[in-house]
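Dear colleague,

Please find the structure that I am handing over to you below. My notes on it follow directly after.

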Amino acid sequence: VGRCSIYRCRPSRSCAIQKFGGQMVFSMCEWGWEDPWTWAESMANQWRITLDIYPQWMRVLEILDTNTQLSQYAGPGHWNDPDMVEVGVNGTLFNDPSLPATWLTEEQSKSHFSLWSIFASPLILGNDIRNMPDWVYSIISAKSVLAVNQDPLGKQATLLTEQKKGRMIGGYCLFGSCVHTQVFNKTMVDNNFAILLFNRAHIFEQDKGHFHEEDISVTWASLGLHEEQSVQVTDLWSEKIVGVYTRKYVGKSIPANGVQFLQFKLI
């Protein structure tokens, strides 16, 4: 449903779907102009929160920053929609065919999919599934990552901590070395947590030399846990148990634009 007709047709379409009686998702799009997260829950299952996505790292981060502010509005049956998954998409800037081509690297694609998953976003694939390389298929079919997205509790991730160092404007490092890391937390069923350690780093290719691998930590205190609580940490991409920890966990050498996606299980 586009913006021009949204106020005219949204109640009637919503009622028609409810009367249908079967399972159907009502996805609403007015590109976030009228703050649909504040009023659309009663009539739609998901609503777009921004203008369109395209496969460029800066655009992914722009949408992420909008969605980070909207966690309180999402839950079972009503979701913030940050637009399609751009893993394996070869596109152009602003989706304009007259502008330069753009795409996400494999590292950026893995981070993008991790972010959309922990934010309980609708995972609508934008790539051509008839013809995709193995690395694209391995990302979009990662079972443990998808399980976080589909967790029955239906929580959207929240920003737990953020660290910035250096001279940056709009994510661009002016000179020297810069740091920009974030930790996201999603509460899951059985009092488990999904934790995403994210090294945002550069937004432009020419900016790459100013950012480096980073160690990113999360403390039990930030999660509201007792320091002596034992937590089993599992890497969701490798599906391997990393170890059992108390007090804090430190993700080592996370690459620029990269993530470490973890499950914290209380034991």
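How many bridges join β10 to β11, and in which sense do the two strands run? The two strands run antiparallel and are joined by 5 bridges. Before I continue, please note that this is a predicted model, in which local features need pLDDT of at least 70 and side-chain atom pairs count only at pLDDT 80 or more, while totals for chains, interfaces and linings use all residues. Residues are numbered from 1 along each chain as its sequence is written, and side-chain values use heavy atoms, with hydrogens and water left out.

A few conventions apply throughout. Helices (H or I, at least four residues) and strands (E, at least two) are DSSP runs, numbered from the N terminus. Two strands are said to pair if DSSP finds at least two bridges between them.

The six-stranded sheet

Strands β10 and β11 belong to an open sheet of 6 strands in the order β6-β7-β8-β13-β10-β11, with antiparallel pairing. The edges are taken by β6 (158-169) and β11 (240-245); each has a single partner strand, so one side of each is left without a neighbour in the sheet. From one strand to the next, the twist averages 20°; such angles run from 0 to 180 degrees between N-to-C directions, and axes are lines fitted to C-alpha atoms, for helices over the stretch in contact.

Within this sheet, β10 and β11 form a hairpin with 4 residues between them. Glu-239, in the turn, has a positive phi of about 60°. Gln-232 has Val-244 in β11 as its bridge partner. β10 also pairs with β13 in the antiparallel sense, over 5 bridges, and here Val-233 stands opposite Phe-264 of β13. Of the 5 residues of β10, 4 are buried, where buried means under 20% relative accessible area, exposed over 50% and partly exposed in between (1.4 Å probe, protein chains only).

Elsewhere in the sheet, β7 (residues 172-187) and β8 (residues 193-199) pair in the antiparallel sense over 7 bridges. Thr-181 stands opposite Asn-199 in β8. Asp-190 is exposed, at a relative accessible area of 66%.

The helices

Helix α3 lies across β7, β8 and β13 (259-266), and runs at about 145° to β8. Helix α3 (residues 106-118) also packs with helix α2 (residues 57-68), at an angle of about 15° and with the axes 11 Å apart. That angle makes α2 roughly parallel to α3 (angles under 35 degrees count as roughly parallel, over 145 as roughly antiparallel, 65 to 115 as roughly perpendicular and the rest as oblique). The crossing of α2 and α3 is left-handed, in that the near helix is turned anticlockwise from the far one by less than a right angle, clockwise being right-handed.

Trp-57, Val-60, Ile-63 and Leu-64 make the contact on the α2 side, and Gln-108, Ser-111, His-112, Leu-115 and Trp-116 on the α3 side; contact means heavy atoms within 4.5 Å. By class, this contact has 6 nonpolar, 3 polar and no charged residues. Here Ala, Val, Leu, Ile, Met, Phe, Trp, Tyr, Cys and Pro count as nonpolar, Asp, Glu, Lys and Arg as charged, and the others, Gly among them, as polar.

The three-stranded sheet

A further open sheet has 3 strands in the order β1-β2-β3, with parallel pairing. Its edge strands, β1 and β3, each pair on one side only. β2 (residues 46-48) and β3 pair over 3 bridges, and Gln-46 stands opposite Trp-79 in β3. In β1 (residues 27-28) lies Ser-27, which is partly exposed at 35% relative accessibility. Asp-83, in the loop between β3 (79-81) and β4 (91-92), has a positive phi near 90° and is buried, with a relative accessible area of 9%.

A buried tryptophan

Finally, Trp-220 is found in the loop between β9 (214-219) and β10 (231-235). Trp-220 is buried, with a relative accessible area of 0%. Beyond its neighbours within four places in sequence, its contacts include Leu-225, Val-231, Tyr-245, Thr-246 and Phe-264. Trp-220 and Thr-246 are 26 residues apart in sequence and 7.5 Å apart in space, C-alpha to C-alpha.

With kind regards
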